[in-house]
Amino acid sequence: MEKYGLYTPRVAPQKEYFAAGHRACVGCGEMLAVRLVCKALGKETIVINSTGCIEIVSSLFPDTSWEVPWMHTLFENSAAVASGVESAIKVMQRKGKYADGKVNVVAMGGDGATLDIGMQALSGAMERGHDFVYVCYDNEAYMNTGIQRSSATPYGAMTTTSPPGKKSIGQQTWKKDMPAIAVAHNIPYVATASPAYPFDLMEKVKKAAATKGPAYLQIFSPCPTGWRSAGEISVKLARLAVETGAFPLYEVENGKYNLTMDFEKLRPITDYMKPQGRYRHLTESDIVLIEKKLHEQVQELRDKSSR
Amino acid sequence: MAKKVGTEVSFAVADAVKLADVDVIAAYPITPQTHIVEKLSEYVADGELDAEYICVESEHSAMSACCGSSATGARTFTATAGQGLELMHEVLTIPASSRLPMVAAICNRALSGPLSVWGDHSDLMGVRDTGWIQIIAENGQDVHDLTIAAFKISEHKDVMFPVMVHMDGFHLTHVIEPIVIMDQEDVDKFLPPFEYNNKLDPASPVSQGTYAPPHIYPEIKKAQDVALVNSKETIKAIWKEYGDLFGRYYNPIETYKTDDAETILVTMGSFSETASLAIDKLREQGKKVGLLRVRLWRPFPFAELRDAAKSAKTMIVLDRALSFGGPAGPLCSEIRSAFYQEKNRPQIISFISGLGGRDIDPEDFEAMIARGEDIAKNGSDSEYEILGVRE
């Protein structure tokens, strides 16, 4: 780490396009991810943002954190708005009404905006083959409205609409496999990423942006407020999620899976779950069940990667 | 030379859009809008129109894509009807508040349920308060001219609002009429290129659609309302320019034999032409009746309406939509509001008819006028009456 100042400028641009001074919670993993995504994308970028934490903390009128063109309209339609932007640039460049050159059209939203309410718009945009990147920041619940469960919430997790009780474990369903749904659209690039692995994340963003056609990224985004965890361990939690198999890092290029981070032995899931209040109510047998399922999922990804 | 051809009204919309050289079309098929988008698809496929046609997966995404397209500076068009307009509803307020120019052809259709693909004004009334400029066409020539003019209105720097051109589903969209299709040269003379100052462009980054807490939201909404109200003068000027150039004039309130009329029938849309036959017949009988049609639904032309109905003792308003359990048909509510503060206000009678594609014949209009005059004289038990319904 003592050589950090020496080598970092060589691998990551210093220019920020997501400016400091936004209103996110202390320890927000999502904003860290947004910052890295913007760094990787660079100046020639247009961001279409769904309603949610990112939009709210960065755009209180008349302030803005965005140093690239940015547009917010609604919650569930960013992929569709991006379709319009991408098509407009395409036709206007053809007609000589818009500056030539590659522009990264990037739609972004949270897991609720992506896996739930905006999935139809996203599916449509991926199916149509627009040249754009969709980034889902996955903090595993509706955090902006006060920690309600989404289809990305992990099994057993406590949220305000999946409270554990005498008749419930908390979240009763397993996390929806959105990257697999994206892959099923036969798009050229799908990847998961984590702010705990910033260079891997930025490489994947660059790859996604360079891909001709739709690319889908799902980025793990620790939320201390929603997960009932300490703000200073967000990056550590993000790392533990990868090391325990809770959020494996992989990419799928033209249908070919590649586990980008693998371990001979996954760490026990309790290392990841214990620091989070949202899992506090789980029993030992619950945890065994969850660990078994996660290990199976990682094995499945390994199998797919070796094909 | 522009020439008159026999063509389907839907095709006259498509031709107007082609003549406007739109950049992006985003639309989802729905009856009775389909012929418009099919024709446009053909124009794009044949290279007659250089545009991106986005075959979106829903009307919600159609309007969303239109927002993105317009914000990038592209001339933008969509078309829909009925349920499609309802599905768009959430998105409709965005281009109005973000001042994103675009034109939408709305093929007015009844709302479910029960399911009906046929025409009335329920969809139109449902989007009344979304902040769009809303223009009503009565025939195929209107549709063609008003669509071309709508692009100029929408993109004018003093306006910058999205514009809906409403046309009755089937009664208008699917009929074949003699229509003067404009020349490209004439349209190019009339319609300047779209220049959007705040476009999404990495060379000059802007943030669009930031959120507003209570300390600023009302100011933004007032600014929007003032701008929409003020757009009326520009709309009138652009229609006048169109008339001066091409000989066909359009007005916020259109009148027929109203000069000395004591009874004025008020209509909106394609049924107005049928109504005029009833007016002719009653005039022959020496009755002082006239017809007034609302062309500009939003911003509502209050002054023009009051001016046009100066001589009226009774106004009989036909609505083709219900405001369930409300004070009157939605159009009639507007007319009543317009006259409430007047010293010598006419009696204003509300009728609802022609729902879900039900025809209204000239004889029905005669009966409507007779019943309206009867209510004006003797009163009625109800706030409004639904006519032409079996009971």
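Nine strands line up in an open sheet that draws on both chains, in the order 8(A)-7(A)-5(A)-6(A)-4(A)-3(A)-1(A)-2(A)-9(B), and their pairing is mixed. At the edges stand strand 8 (256–259) of chain A and strand 9 of chain B; each has a single partner strand, so one side of each is left without a neighbour in the sheet. Please keep in mind while reading that this is a predicted model.

**Pairings in the sheet**

As a reminder, strands of a sheet pair through backbone hydrogen bonds, either parallel or antiparallel. Here are two of the pairings, side by side.

| Strand pair | Sense | Bridges | A residue pair |
|---|---|---|---|
| Strand 5 (residues 189–193) and strand 6 (residues 215–220) of chain A | parallel | five bridges | A:A191 and A:L217 |

**Where the chains meet**

Let us turn to the contact as a whole. Chain A brings 43 residues to it and chain B brings 39 residues. On the chain A side, at least two residues each come from strand 1 (45–49), helix 3 (53–58), strand 2 (70–72), helix 4 (78–94) and helix 6 (119–128). Which of these elements gives the most to the side of chain A that touches chain B? Helix 4 of chain A does, with 13 residues. By class, the side of chain A that touches chain B holds 23 nonpolar, 12 polar and eight charged residues.

Helix 4 of chain A also lies across part of the sheet, namely strand 1, strand 2, strand 3 (104–110) and strand 4 (133–138) of chain A. Relative to strand 3 of chain A, this helix runs at about 170 degrees.

**A helix pair in chain B**

Within chain B, helix 3 (residues 59–71) packs on helix 4 (residues 82–98) at an angle of about 25 degrees, and their axes are 7 Å apart. Angles under 35 degrees count as roughly parallel, and therefore helix 3 of chain B is roughly parallel to helix 4 of chain B. The crossing of these two helices is right-handed.

Helix 3 of chain B makes this contact through residues including B:M63 and B:C67, while helix 4 of chain B contributes, among them, B:L87, B:V91 and B:P95. Nine nonpolar, four polar and two charged residues make up the contact of helix 3 with helix 4 in chain B.

Note on methods: Residues are numbered from 1 along each chain as its sequence is written. Chains are lettered from A and ligands numbered from 1 in the order in which they are written. This is a predicted model: local features need pLDDT of at least 70, side-chain atom pairs count only at pLDDT 80 or more; totals for chains, interfaces and linings use all residues. Two residues are in contact if their C-beta atoms, placed from the backbone, lie within 7 Å. Helices (H or I, at least four residues) and strands (E, at least two) are DSSP runs, numbered from the N terminus. Ala, Val, Leu, Ile, Met, Phe, Trp, Tyr, Cys and Pro count as nonpolar, Asp, Glu, Lys and Arg as charged, and the others, Gly among them, as polar. Axes are lines fitted to C-alpha atoms, for helices over the stretch in contact, and angles run from 0 to 180 degrees between N-to-C directions. Angles under 35 degrees count as roughly parallel, over 145 as roughly antiparallel, 65 to 115 as roughly perpendicular and the rest as oblique. A crossing is left-handed if the near helix is turned anticlockwise from the far one by less than a right angle, and right-handed if clockwise. Two strands pair if DSSP finds at least two bridges between them.
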